[in-house]
Amino acid sequence: MNVSTPFLKNMLNKRAKQGKEDPARLDERMGIASAPRPDAPLIWLHAASVGEAQSMLILINSLHEADDNYRFLVTTGTKTSATLMANRLPHRAIHQYYPIDHPAWVTAFLDHWHPDAIIWMESELWPNMLMQIKARGIPAIIANARISDKSFARWQKTKRNAKKLLNVFDLIMTQTDEDSEHFKALGAPENHVLTSGNLKYSAAPLPCDEKELTQLTALLADRPFWVYASTHDGEEELACRLQQHLRKKIPNLLTIIVPRHPERREQIVKTCKKYDMPHSLRGDKRTPPKPEDQIYIVDTLGEMGLFYELAPIACIGRSFSTDGGGGHNPIEAAQKHCAVLHGPKIQNLQQIFDQMNSAGAAIKLKDEKDFENRLARLLGDEEGLIAMQNKAYRFVSEKSGVIKIVLEKITPIIEHAITKRNTNEIKKCG
C-alpha cells in the first residue's frame, strides 16, 4: 500500500461529511468505476470545474453530432459540475468523478476505461495520470487551455517538470496568444501549441419561452426597464439604491433582478422592504410584474435566456458583489442583443471581459455613481443603446466559430486513434 493511501482515504471521508464529495460515489475518486466500459471507441473528456464543464459540453455535443460511433467518458471534480453533467450530457456519455492522482487509483481507472483519446479542458497537470497516459501511448489534447499569471509563475519554478508533463500532449489549444506563449515558455513543443479562442463563444444561445416573451413584451411595452443578471449578495441593495435615484429622472423605471441563487428570495425581499421598494416575486406561477412595482424578482431557474431576450440592457452579476466577486458569463447577454454592463470584480472571466471591453462590446463600470450615470444615459438614448447592442451581438457572433477551429484540429487525432484501435482489435481476432 502506498504511504499516502490512508491519508487520502481519510481526506475523502472528511470531505464527504462536509458535503464536498458524494458519499455514494467515493469509489470513483479512488479509480473504481461504477459503470462498464462501452464496447466502442471511447473518448475521455475531463473538466475540473463548472465553468470548464460548460465549455466541455459545447465540444461533447459537437463530437456527438459528428460521429454516432463515438462514446464518451466524462469526468469532473466537483459535486456541482457532476450535477450539471447529469442534467445535460447526451445519451452516449457516461459521467464519473476524476480519480485522485494516486498511482494505484490512476492505474485502476485507466485499466478499466482504456480511453482511445483524451481531451482535457483544464491546465492542471496531474503527474501520475499524465505519466501513465504517456506510457500507454494514448493521444492527449488540452482544449480551451489557459494559464493564469500566478500559475505561470509557479510552474516556472519547476520548469523541468512542467516541460515533461506538457510533452505528453499531442495538441494544446489555448484561449489567447498570451496563453500560447506561456505554454511554449514552459517547454511545450511549439508545433503542438495553437491559439483557437475560447469555446464559450461557441455556446448556443440560452433558451427562451416565446409565449412568456410575448406576454412580458406586451406588458412592459410602455415601461423602461433593465435586468441585473445572476446577482449575488450586496448587488440587490445596489439595485435598490440605483432604482431610488433613477426613478427621479425616469419615474416609470422597472428594475428586474434575476438572482444567481433563487433560494435567496427572502433575503432579497427584505432588501426591497428596507428601501421601501414596491416589488413582486415571479415564483413558480410565473407571476408578471405589477404596474406599481419598482423591483421584479425573478426567483426561478432556467429563465435567464428569457430575460436577456426581453431586456435591452443587462448588468452581469457578481461583479459588484460583497463575496469577492469574479463575474458571470457576459457572452450569454450579448448573444441576446443586450447592451452589456459589468462592475470591476471580473477576475474569473477576465480575458473575456477584457476582449469585450476592448471591442466596445461591453462597458466596465468603475463604481456605483458610474453605474447610475451609464444606465441613465442608455435608457435615455435609443440610438446609442441600439449601437451598443449591435456591437455586443456582432462581437460574439464573429467569435462563434471557435468550435469549428477546435474540431478541425482534434478530429484527425481522434480518427487516427480510432483507426489504431480497430487495427489492434483485428490483430487480436486474427
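C338 is buried, with a relative accessible area of 0% (buried means under 20% relative accessible area, exposed over 50%, partly exposed in between, using a 1.4 Å probe and protein chains only). This is a predicted model, in which local features need pLDDT of at least 70, side-chain atom pairs count only at pLDDT 80 or more, and totals for chains, interfaces and linings use all residues. Residues are numbered from 1 along each chain as its sequence is written, and side-chain values use heavy atoms, with hydrogens and water left out.

So what about disulfides? The structure holds zero of them, a disulfide being a pair of cysteine sulfur atoms within 2.5 Å. C208 is in no disulfide, and the nearest cysteine sulfur, that of C338, is 11 Å away. Seen from the other end, the closest cysteine sulfur to C338 is that of C208, and 11 Å is too far for a bond. C208 is buried as well, at a relative accessible area of 19%.

## Helix α9 and its buried face

D179, S180, H182 and F183 are buried here. Looking down the axis of α9, the buried residues fall within an arc of 160°, so they line one face of the helix; the arc is that of the directions from the helix axis to the C-beta atoms.

What do these residues pack against? The partners are β5 (140–145), α7 (149–156), α8 (159–166), β6 (171–174), β7 (193–195) and α15 (350–358). After α9 comes G187, with a positive phi near 110°.

## Strands β2 and β3

Five of the five residues in β3 (93–97) are buried. A93, H95 and Y97 point one way from the strand, while I94 and Q96 point the other way. β2 (residues 71–76) runs parallel to β3, joined to it by five bridges; two strands pair if DSSP finds at least two bridges between them. To get from β2 to β3 the chain passes through α4 (residues 79–88), in a right-handed β-α-β crossover. Right-handed means that, with the strands pointing away from the viewer, the path from the first strand over the helix to the second runs clockwise.

## The nonpolar cores

The largest nonpolar core has 36 residues, and V227, I256, F307, Y308, L310, V340 and M356 have the most contacts inside it. Such a core is a set of buried Ala, Val, Leu, Ile, Met, Phe, Trp, Tyr and Cys residues joined through side-chain atoms within 4.5 Å. α13 gives the most, with five residues. Leaving out residues up to four places away in sequence, I256 touches L220, F225, W226, V227, Y228, Y296, V298, F307 and L310, with contact meaning heavy atoms within 4.5 Å. Apart from this core lies another, of 34 residues, among them A47, V406, L407 and I413.

## Strand β12 and its neighbours

In β12, I313 and C315 point one way, A314 and I316 the other, and all are buried. β12 pairs in the parallel sense with β8 over three bridges, where A229 has I316 as its bridge partner. β12 also pairs in the parallel sense with β13 (residues 339–342), over four bridges, and I313 stands opposite A339 there.

How values were computed. Helices (H or I, at least four residues) and strands (E, at least two) are DSSP runs, numbered from the N terminus.
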